[in-house]
Amino acid sequence: MSDTSKTRLFDMLHHRSARLAKGDPVPDPLVMSSVFALPEQPEPSRTYGRGSSPTLEALEQRLAHLEAAPCLSFPSGMGAYAGLLMAALKQGDRVLLLSDGYYAARNLVSEVLAPFGVQLATCPADTIADTDLTGFAMVIIETPSNPGLTVIDIDALAARCRTAGAMLAVDNTVCTPLLQNPLDLGADAVIVSDTKAMGGHSDLLMGHVASRNTALMERVQSVRTLMGLNPGPQEAWMLIRGLETLEIRLERMCSNARALLPVLKASPHTSDVTYPEPHPQTSDQGFLIGLRFTDAATADRFLELAGFAPTTSFGGLHSSGDRRARWGDDVSGGFLRLSIGIEPTAQLQAAVSSALSAL
Ligand code: PLP
């Protein structure tokens, strides 16, 4: 983790404690209210729960420390995509997305926004450096891309987007703001599914948009309020709680992933074991591993024998795996995306090793 990220994390962790008065509860209180007392002239910031609410504000202030930018939360990562795209795009605009990125983002454009005149174009992550960006209103990437784990140079792409007049949005779900800061590298906006590592306990759906473009964020806020896309206080409170342990969870998840790589690579049952290439823009290569088994049944059997949860999400405490061909990703039937959890390292290695031997 970079020193800058550590300082931001420290400020996030101390956000409330720095403001405590005698007798205040130390954790952020969970405030369940959709209405607020409004005598005389209402305060513009706190009128009704669809605009904002105290626990949501507390969450967004903490996220703002991590992103070093204003943040707006949504009830899911896809909610955050919807909020940003509705705010930034208009009829006739063209959007470039990764053909090997998260499929629902492409579907949002092709199924929901296309009837409003927004056009989708796609390219694979490993060709975006050579793709002509002329005429695009927005470019949206994930890096590392998911599930292929291809790394895209954000700084170089941001410069090309500026020249082309396109807004660059980075889906930073895989790295989180602790490992990578796209806004510092020139991206205009960041989208994160906080459902994954940010929340970390596989028990909530949340997402956020961050940007240092004030006019854009005002528009995102307006879309969120008018479309009713705001999260409830309970989820906001749970996410605050998850954020407090994000660094130590990530550390264990990433070091566990590295500990498993040699075990996975040594097996005769696996091939194409993939882990993101190191890159100066990212302080750690992360906790996701891609790999191929001979067929779908062997991949499923591996998950069962290793005790990995067969889920489609990632970033949780428990090691899990997803056969991405199930969702239409352009990968073989035996391809698994593993999300490595926080289990004790030696025991996790032993479980994976014995599962591979038993195949
Ligand atoms: N971005 C990425 C990279 C994802 O993998 C996902 C979900 O899997 C999303 C966004 C959407 O997030 P959510 O499921 O919270 O809507």
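Which helix does T176 lie in? T176 belongs to helix 6, residues 176-179; helices here are DSSP runs of H or I with at least four residues, strands are E runs of at least two, and both are numbered from the N terminus.

Some ground rules first. This is a predicted model, in which local features need pLDDT of at least 70, side-chain atom pairs count only at pLDDT 80 or more, and totals for chains, interfaces and linings use all residues. Residues are numbered from 1 along each chain as its sequence is written, and side-chain values use heavy atoms, with hydrogens and water left out.

**Backbone details**

Back to T176: its phi is near 65°, a positive value in a residue other than glycine. T176 is also buried, at a relative accessible area of 0%. D272, in strand 8 (residues 270-274), has a positive phi too, near 50°. D272 is partly exposed, with 47% relative accessibility. For these terms, buried means under 20% relative accessible area, exposed means over 50%, and partly exposed lies in between (1.4 Å probe, protein chains only).

The loop between strand 4 (138-142) and helix 5 (154-164) holds P144, and P147 is found in the loop between strand 4 and helix 5 as well.

**Rings and charges**

Across the whole structure, a search finds four aromatic pairs, where rings of Phe, Tyr and Trp (its six-membered ring) pair if their centres lie within 6.5 Å. F293, F302 and F308 come together as one aromatic cluster.

Two arginines place their charge over a phenylalanine ring: R46 over F36, 5.6 Å from the ring centre, and R94 over F136, at 4.2 Å. The criterion is NZ of Lys or CZ of Arg within 6 Å of the ring centre and within 35 degrees of the ring normal.

**A helix pair**

Helix 10 (residues 296-306) packs against helix 11 (residues 345-358) at an angle of about 135°, with the axes 8 Å apart. Axes are lines fitted to C-alpha atoms, for helices over the stretch in contact, and angles run from 0 to 180 degrees between N-to-C directions. Helix 10 is therefore oblique to helix 11, the class left over once angles under 35 degrees, over 145 and from 65 to 115 are set aside. On the helix 10 side, F302, L305 and A306 make the contact, meeting A351, V352, A355, L356 and A358 of helix 11; contact means heavy atoms within 4.5 Å.

How values were computed. Rings of Phe, Tyr and Trp (its six-membered ring) pair if their centres lie within 6.5 Å; planes under 30 degrees apart count as stacked, over 60 as edge-to-face and the rest as tilted.
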